[in-house]
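Please look over the model shown here before reading the notes on it.

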Amino acid sequence: MDARLISSLTHLTGMLLLAAALAIIASPQLFACIRLYAVHSLLLAATTALMACHPHLEHLWIPALITLLLKSIVIPQVFFRMIRRIGIRREVESYINIPFSLILALGLLFLSFYGTAHLWESSSIEEKGFIPMAIATVFWGMLMMATRKKALTQIVGLLLMENGLFLMAVTLTS
């Protein structure tokens, strides 16, 4: 594949990662949160696979495959089985309402881009735009953990934080 096409697809999946994370925060239903987490993990695996197409980054194929299998298939299935076994039928309960959560999430996104602005000029990392995205994803996971009442949605927030840390690690690999 052409290097510019791979770079464009990588950035597209990065933007879709942000959209999926925002959708997790905005979702009022537990099943939707878990499905969106699976989509987020699938996009993370696709981003990792696209980064693996660059020269000298072939070792990223293994984490991309593991992420695809575990995070987008196995973990959501475990969650769904657990929800059915426990018998949870309620919506997601939050300490703050969804519009205010989204405003906080956008503020954290701007904060992460502002805090890493010096990387845009001095860094040699090709995917340096993923660093603020990864930091924002970690912040959003913390936001979910702090604002949600139920333990299962807090665990989804923890898993979202882990996806952000994984994105940061993959970005810094190059």
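This is a predicted model: local features need pLDDT of at least 70, side-chain atom pairs count only at pLDDT 80 or more; totals for chains, interfaces and linings use all residues.

Residues are numbered from 1 along each chain as its sequence is written, and side-chain values use heavy atoms, with hydrogens and water left out.

**Core**
- The largest nonpolar core has 38 residues; such a core is a set of buried Ala, Val, Leu, Ile, Met, Phe, Trp, Tyr and Cys residues joined through side-chain atoms within 4.5 Å.
- Buried means under 20% relative accessible area, exposed over 50%, and partly exposed in between (1.4 Å probe, protein chains only).
- Ile 34, Trp 140, Val 156 and Leu 167 have the most contacts inside this core.
- Helices H1 (3-26), H2 (30-52), H3 (61-86), H4 (98-115), H6 (130-147) and H7 (151-173) each supply at least two of its residues; helices are DSSP runs (H or I, at least four residues), numbered from the N terminus.
- Beyond its neighbours within four places in sequence, Val 156 is in contact (heavy atoms within 4.5 Å) with Ile 24, Cys 33, Ile 34, Tyr 37, Phe 79 and Met 144.

**Helices H6 and H7**
- In H6, 13 of the 18 residues are buried, so this helix is largely enclosed by the rest of the structure.
- Asn 163 lies in helix H7 and counts as buried because its relative accessibility is 0%.
- Sequence neighbours within four places aside, Asn 163 is in contact with Tyr 37, His 40, Ser 41, Leu 44 and Lys 71.

**Surface**
- Met 82 belongs to helix H3 and is partly exposed, at 33% relative accessibility.
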